[in-house]
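Hi,

Here is the structure I promised to send you. Have a look at it first, and then read my notes below with the model open beside you.

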Amino acid sequence: MPHFRLLLLRLLRLILSWRARPLLLPPGPLLIIAPHPDDETLGCGGLIMRERKAGRQVHIAFLTDGSQSHRGHPSLTPTALAKLRQAEAIAATACLGVPADELTFIDLPDGELPRLAPGERERAVNALSSLLCRLQPATKLVAYRRDGSSEHEAAFPLVTAALNHAQVRPLLIEYLVWAAYSPRLFLRVLFLAGQVHCLSFHGKGATKTKALACYRSQFQPTPPWTQAVVPPQFANAFSPEEEFFLKLRS
């Protein structure tokens, strides 16, 4: 079944690439919102590489601390995991060319984005609003609003609330994570999405793979567990040297 899934995804990606337009961005800083550490690399690692090579400022804001990916682990506590995932994010984004001083960790509780307490939601919106006002980004990227993950989908209203609060109007683009792995969700993108854009980074895929490998807690077993929390076929779904982005009506 995993092999069939990957074959089907390759076919769907090929069809989508035929209808997609090249991704062109306006000049100016780029702000990427990642629900969890690793979403930025999975969904737009190629874009980050391209823009950093071109000399563009790229700032990445991580919404949650990622501390709940190993629930039930006998020795890796949520506090230790949050510190580990932050260190992994710093290493991964450095591979992509983003310096550590262009990272913001908002540290919202992992697994709680859809049901944040009012105070936590206000803190998140204020943090994002402050970033928007300080950076004045020309483009802002957020996980697809129908990405199939409750956390990813909950990130979108936080972003729109921050945009309204800051009264900043960058170009808003959505990137795929779980929708790039699920054939059902990918079909929704294929047939229901508005403007679909494709970024190819042929010959640079090894750098994205190296960046993803920095997230060892996600893609490698954490002893005594013998299986990674993210299945190998998930990472394999992001091996093609192209990424898709959506420009949708709010």
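Start at Gln136, the residue that follows helix α4: its phi is positive, near 50°. Please keep in mind that this is a predicted model.

Now step back into the helix itself. α4 runs over residues 118-135, which makes 18 residues. From its first C-alpha to its last it reaches 26 Å, close to the 26 Å expected at 1.5 Å a residue.

Which residues of α4 are buried? They are Ala124, Val125, Leu128, Ser129, Leu131, Leu132 and Leu135. Looking down the axis of α4, you will find these buried residues within an arc of 160°, so they line one face of the helix.

What covers the buried residues of α4? The cover includes the strands β2 (30-34), β3 (58-64), β4 (103-108) and β5 (139-143), together with helix α5 (150-166).

Leu63 counts as buried because its relative accessibility is 0%, and buried means under 20%. Leaving aside neighbours within four places in sequence, Leu63 is in contact with a list of residues that includes Leu128, Ile33, Ile106, Leu113, Ala155 and Leu158. Asp107 is another of its contacts: the two residues are 44 apart along the chain, yet 6.0 Å separates the C-alpha atoms of Leu63 and Asp107.

Enjoy exploring, and write back with any questions!

Best wishes

Key
Residues are numbered from 1 along each chain as its sequence is written. This is a predicted model: local features need pLDDT of at least 70, side-chain atom pairs count only at pLDDT 80 or more; totals for chains, interfaces and linings use all residues. Side-chain values use heavy atoms; hydrogens and water are left out. Helices (H or I, at least four residues) and strands (E, at least two) are DSSP runs, numbered from the N terminus. The expected span of a helix is 1.5 Å times one less than its number of residues. Buried means under 20% relative accessible area, exposed over 50%, partly exposed in between (1.4 Å probe, protein chains only). The arc is that of the directions from the helix axis to the C-beta atoms. Contact means heavy atoms within 4.5 Å.
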